[in-house]
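The sequence and the model are shown first.

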Amino acid sequence: MTASTHALDHALTPQIRLYQDWLVQQHGLRFNSYEDLHRWSVSHLADFWRSIWDYYQLQSPVAPTKDLQVLSGDAMPDTQWFSGVQVSLPRQLLRHVKAADAAGMPAIVSDNERGEVREMSWPELQRQVASVAIALRKLGVVRGDRVAAYMPNIPETVVAMLACTSIGAIWSLCAPDMGVAAVVDRFKQIEPKVLIAVDGVYYGGKPLDRSAVVQSLLAELPSVQQRIVISTPYATAPVPDSHDWQWATAQDAQAIAAFEPEWLPFDHPIWIVYSSGTTGLPKPIVHGTGGILLALHVAGLHNDLGASYGDNNRNERFHWYSSTGWVMWNIQASGLLFGTTITIFDGHPAGSSSQPDWGVLWRFAAKHHTTIFGAGAAYYSNCMKAGLDIAAIPGLQQVRTLGSTGSPLAPEVQRWGSAQLQAAGAGEVFWCNISGGTDFCGAFIGGNRELPQAPGRMQCRWLGHAVEAWNEQGQPVLDEVGELVCVQPIPSMPLYFWNDPGKRRYLDSYFDHWPGIWRHGDWIQVDSDGSCIIYGRSDATINRQGLRMGTSEIYNAVEALPQVQDSMVVDLEYLGKDSYMPLFVVLREGIVLDDTVKASISQAIRTALSPRFVPDAILQVAEIPRTLTGKKLELPIKKLMLGQPAGKVLNPETMANPGCLAWYEAFAQRHLATLANA
């Protein structure tokens, strides 16, 4: 097909407008502004979440009655939702099969670094989900068992997740770019019965054998009784005593035709995801089926996802680049809930880490007629700094939305992206900048196609999410930076952490500061118009002479300089001694940190922020330490420099570049020795 046959009408009605029209028609609820709508959604929680259920026609074997108690219980985290109601994510998702297939819309379009394109139809998705579910039952999996997966971003991973949830098994996923120790730290806590794994991947321009890793995982996970392996050309040895994926997808045709996903209690666990694991063991976060279903549908309103086969969003194609170790994989897969074709990419976002080509994903988007293109903020920054000319890539005129998350998006990067897409013929693109977390599999802050856009800002707080900025006295503030808190429960907050008696780790993670109030750990500014700015982690915030500043503010100033590739700042405070704030910078190839470059950096901070935030030292480094999801390890490096043992604050297995740690450890030791002699 040509690009024109996939063109999406940019004048389509926003999903959030369709929802508001429905509120008027069904309930006579009319709002003068989005802020009024948001205020209603958080002050009438039961009415709002029931409206989401009804608007999206969520399915249940017994329809909820009008007098259903939508929420009950004490303050967070003990709220109960939709008690007695049964739900099924696969049933909800697969209801699109007939209509989507009749319109010729695929469910999944996948591609990889080698250009191996596959399309999976909706009927084939349904068939494979049923077959793998039947295979899992044959392997002894019953409701409540954990199924662990070590798989990349391929269609098989989506199928396996839906198959698990079809029979009430609890899904948990790690990416093949994670080392054995990191995966074991996660999976060992939940004691999976079955492991589904890939024996090799092609990533960063080279084949990688993973068969030995899979065998090491099995040796460390004695709870695993059965294993299913996806065979690839990249493995040097077979994984013994395993069932092949082809067997799992080739079960009896008659049994497949008769299969129906199980109805599950609203609060039945659907999957276990993990915190970043930068300190201690990762927290195994258990989410509930019904809560996830509701939250994902609110995501559909804000991310503006609609059925690819419908008149309003015909030919929609949704992509959000993600590793399977990041919660954005769950969000990407959830596009299927709306009948939206998802386009997924398996591989390095720049093709290769040694010789990066930042046009890879843009060519992928053009090739597969992607209309909604999402990625981490760092990805867009890398594209800009590499001097990528997106406008020169043909076939991007159908892109109507750019999504960003993972870290604050710098204003100049957003302006650059808008100009590039406009030059590519896409017109005025909608930036859907979101900020949320693995913790509740959603976003607190996000987009709304009907609201004004300002580079560097997020348009609004999500419906049903009572987000506020609080000062140190626990009072809400506007137009100034405060702690991001959520003062009302949302359905997708964790049910609990796995193996956490009395919810102690859960309570300590979110409710230790203000009981009954979710403290997320970010600095946020909520302005009078409802728009928001995220300033980075609150526990890594800069505090200089009483003036607080998010680290992103410094990064925006420093990384705008052409000499600077990347940066990280930490602010160290010592009892009875002066604070110390070093700035670590990665410079472009061939540039040395001399007095001229240092002066440029200091002046940029002085001009953009304040002389208070000029660092005490500027140091050139080879790399900035980052997690596998691209976040800068500000807090662990801060703790390291405050004297905490490296083994307690840093986990190399969760890092994208653990090789750089030795330099920071040595620097911290030298700094502490100097401090001790002062």
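A residue is called buried when its relative accessible area is under 20%. By that criterion, buried residues make up 60% of the 678 residues in the protein chain, which is a predicted model.

**The chain as a whole**

The protein chain contains 22 helices and 36 strands, and its C-alpha atoms fill a box of roughly 75 × 65 × 55 Å when taken along the principal axes. Of the contacts in the protein chain with a separation of 6 or more, 71% are accounted for by residues 24 or more positions apart.

**Helices H8 and H9**

Two packed helices are described by the angle between their axes and the distance between the axes. For helix H8 (residues 180–190) and helix H9 (residues 211–220), the axes come within 10 Å and cross at roughly 40°, and the crossing is right-handed. On the side of H8 the contact is made by Val 180, Val 183, Val 184 and Lys 188, while H9 contributes Val 213, Ser 216, Leu 217 and Glu 220.

**Two buried residues**

Why do Gln 251 and Ser 72 count as buried? The table gives the relative accessible area of each, and both values count as buried because the cut-off is under 20%.

| Residue | Relative accessible area |
|---|---|
| Gln 251 | 8% |
| Ser 72 | 19% |

Gln 251 is found in the loop between helix H10 (245–248) and helix H11 (253–258). Leaving aside neighbours within four places in sequence, Gln 251 is in contact with Ser 131, Ile 134, Ala 135, Lys 138 and Ile 256. With one of these residues, Lys 138, the side chain of Gln 251 makes a polar contact, side chain to side chain, at 2.6 Å.

Ser 72, for its part, is found in strand S1 (residues 71–72). When neighbours within four places in sequence are again left aside, Ser 72 is in contact with Asp 78, Thr 79, Gln 80 and Ser 83. The C-alpha atom of Ser 72 is separated by 35 Å from that of Val 194, a residue 122 residues apart from Ser 72 along the chain.

Technical notes. Residues numbered from 1 in each chain as written. Predicted model: local features only at pLDDT ≥ 70, side-chain atom pairs only at ≥ 80, totals over all residues. Heavy atoms only, no water. Helix = DSSP H or I, 4+ residues; strand = E, 2+ residues; numbered from the N terminus. Buried < 20%, exposed > 50% of the residue type's maximum accessible area, 1.4 Å probe, protein only. Polar contact = N/O pair within 3.5 Å; in protein donor to acceptor, adjacent residues only side chain to side chain. Contact = heavy atoms within 4.5 Å. Axes fitted to C-alpha atoms, helices over the stretch in contact; angles between N-to-C directions. Left-handed = near helix turned anticlockwise from the far one by under 90°.
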